[in-house]
Amino acid sequence: MSIPAQACVTRLEEIVGGAYVLTHSAELGARHVDGTIPSAVVQPAEVAQIADILRFAAAETLAVIPCSGCTKLGIGAAPARYDIALDLSRMNRVLAYDPRDLTLGVEPGVRIEDLLRVLAEQHQFLPLTVPFADRATVGGIIAANSSSPLRHFYGGVRDFCLGMEFVTGEGAVSKAGGRVVKNVTGYDLHKVLIGSLGTLAVITRVNFRTFPLPPAQGTFVASFSDAESAFGFCRSVAQSVLTPQILEVADPAAADLLFSGAAPARITPQQWCVVITAAGQPAVVDRYARELGHIAGAANAAEFMPLSNAEQSSVLARVREFPRLVLEAVPAAAIFRLSVLPTAMTPLFAQLSEIAKRRNLVFAALTRASGIMYATFFAEEGREISASEIAAAAKEVFQLCAQPENNAQAMLEFCPADVKRAVGDVWGHARPDFALMKRVKNVFDPRNVLSPGRFAGGI
Amino acid sequence: MQPQLIRELIALLGPKAVLSQAEDLMLYEYDGSVELGSPECVVFPSNTREVAEIVRLANRYETPIVGRGAGTGLSGGAISRNGGIVIGFSRMNRILEVDAANLRAVVQPGVVNLDLSRAVEHLGLYYAPDPSSQRACTIGGNVSENSGGPHTLAYGVTSNHVTGMELVLPDGDIVRIGGKTIETPGYDLDGLLVGSEGTLALVTEITVRLTRKPEAVKTLLAVYDTLDDTTETVVDITVRAITPAACEMLDGFTLRAVEDYVHAGFPKDCAAVLLIELEGLTEAVEAQAAAITEVCQQHRAREVRVARDDRERELLWKGRKNAFGALGRLSPTYYVQDGVIPRTRLPETLRCIEEVSRKYDLRIGNIFHAGDGNLHPLILFDERDREQFKRVVAAGIEIMTFCVEVGGALTGEHGVGMEKNELMPLMFTPDDLALMERVRAAFNPVGLLNPGKLFPIGKACGEIRVRPMPVSATIPA
């Protein structure tokens, strides 16, 4: 920080008012990023205040990290600098909701759980059933591009986000996209903000299209004895006319984390479990039940069971919270998020297991059949393991994914700060498009004010 | 153009791949819009390396480049504003890979949209974005414009179907972005590039998602005696959260032209029709058909007809997809608008268009992707009548202004190009546009690629040039 901390606080107080600049150590500690704490937490209530804060930060070369629910601050590389936590939790209004038009505009600090409740009153929803659902906010979900099991049918954030308003690192208020369901006017700058981890701009409004809640929903669990049967079942579903909402594959270790204890007693966690949800008219859900049962049988399923409504809620909530469940069970776990093609899932799983086995680590994976695998590594219960050992495994994972035949992309999404330091770069091997990403960063945040160092390629 | 540049292009590509005679260049002066602009030469590379070499030459000679697919675009995106080189991608038209198991295809930019669907048909797959020009338009052009089509209501636009690209940057560098996988870590450069209208990079390879064909398809034709009943039906379908695969509206004026041209069986004495398509599992399609029929009847549809077989279905769609061409038979030229409105504002928007038609004394046909609020009012005119053309431009601006005022957008699928670039300030502030221009400069610093497009350049709209000769548009838009 180039100016004295007190001068910084004074200026921030001028912008947002004294009550909304926090400097207590507990408040600062709650917003630490990989052990680095800011000098101040500032809680703006409007866009103009954010613009003033960022202009001030740019002038004084201060580093700003936006936050709200603080559930995903550990994602990304450790920040190079960190002076101000820009807490957006006061910006939590639904700005526009036209249920008749199925469109919505919200501020970034809206908690997703609250938002889904507002939508449910109109029999609508957003396909953003994401981890840390009780605390996660819209801004953080977008900045981290959080993945939902519903991605299988509805796509990712980029597929239903219509536009955004945001403030650049220079404090310029800007917007891209629009508020209607179809629009190609101008560059889709809002798309690059999705998954940008607060390195390009501070999101101040997000426009979404909403979806009608289906009249009926049914969830099924098929269990299998091995990986190829489970992934093969998913490929068969993909080749059928069925288009389930959710299709998730848990290996026995992941199934154990998900279903031992809290989940329905009928699920046997020693097996590979595939969770499938179908939605639509009751007749449609009935058809899924029949045909999925047949496909599961043909894929040598040990069991195929429809869940009751209560079981469905519990199972889907636990699948949604998988990364969180892992971190609660093993805080030192390393959780990779892999982008992987369906045909590569079985061989990649085998090779990842092999890495774990060689290094005496436990491996558990939850795979979204559409192409995302949460691959987690952690020490067996009671065994201590050093950061360098986990980091060595991580490097192997990155190498494995970089092999052309695997055609996979990996990032180490959650891990302890000392593992991050030992790994070097949680974003994996340098890719050819990093240079273009740097150009984009220089446009949005030329003074490197926003979340410096947290992103891929050292951005 | 400097003769030496032409000689170097010929040395690079061979004489058959370089056009520079005035009579050859005339073919490349226009696209599907009312814009016009002449290149100084047109080149046809066969591979990425040649594209990169052309770009390097263009840099050396400080000559602008415009990429061009089939020239079916509707906003002047593939026309050169200031001479220079047009790169035609028609020789780069190979489907490089079909990966059916992973639902992906890798294609060169010159592959015709419908050709990809045909090539994967035997696998039970297709490429979902379906612009009405899909028999001619190319996937490279679709990527540039982020093209849509009737079925984008359910399946999304081009951007939702592209996972990776190979680019040639304006300095001649070749870069890959994205890939076959979804959600590649890093900034979503695919999202930025799709719809950037050829102003950031030239796209030389595209990885797209393929979609499995639905089990059942049902096409309904609902016939109305008033426009208000038609538009209220669309609002009600949206409000009841029924999502058809497509929901198209054609007004009576358009229908009569279409029926005379295509003989699809549209009633000629009605105010408007809705062409609604439902896709999915048989059970879902049946339930949706019943629900939609009920909504149509509640809004006094005179008739709700279900296409009996594929032939009848295809005929109805042929009518819709040739509607621009049909109206083109009534008038020397037409000017297609592409505004978007919130779907619930459809009735008042149509009344606004009627008012504009009366005020400016112009015939306007209405062909809408009604389900997603994407309007295509089509203004008929004779470009030899300069006074009339001024009224056409003014009417267009009035309609677009209304769309933006009710919370909509200037373009839903045709792009901004050199048609709506001066209207951008209706939707975006100077700060919004400045940031976009800086993004352009980050990729395309000296404005080598597609200059004079997308951003306002301070030219009054009344100066939009018109074609020198009448055109009867046969390629549907």
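Where in chain A is the place of A:Ser451? In this predicted model, A:Ser451 lies in the segment that follows α17 (434–444) of chain A. The backbone of A:Ser451 adopts a positive phi of about 45 degrees, although the residue is not a glycine. A:Ser451 is buried, because 31 other C-beta atoms lie within 10 Å, and the cut-off for burial is 20 or more.

A positive phi also occurs at A:Cys70, where the angle is about 55 degrees although this residue, too, is not a glycine. A:Cys70 is located in the loop that connects β3 (64–67) with β4 (84–87) of chain A. A:Cys70 has 19 C-beta neighbours inside 10 Å and therefore counts as partly exposed, since a buried residue requires 20 or more.

Along the principal axes, the C-alpha trace of chain A extends over about 70 × 55 × 40 Å.

Burial and contact order were examined for the chain as a whole. Of the 459 residues of chain A, 58% count as buried. Among the contacts in chain A that link residues at least 6 apart in sequence, 71% are formed between residues at least 24 apart.

Methods. Residues are numbered from 1 along each chain as its sequence is written. Chains are lettered from A and ligands numbered from 1 in the order in which they are written. This is a predicted model: local features need pLDDT of at least 70, side-chain atom pairs count only at pLDDT 80 or more; totals for chains, interfaces and linings use all residues. A residue is buried if 20 or more other C-beta atoms lie within 10 Å of its own, exposed if 12 or fewer, and partly exposed in between; C-beta atoms are placed from the backbone. Two residues are in contact if their C-beta atoms, placed from the backbone, lie within 7 Å. Helices (H or I, at least four residues) and strands (E, at least two) are DSSP runs, numbered from the N terminus.
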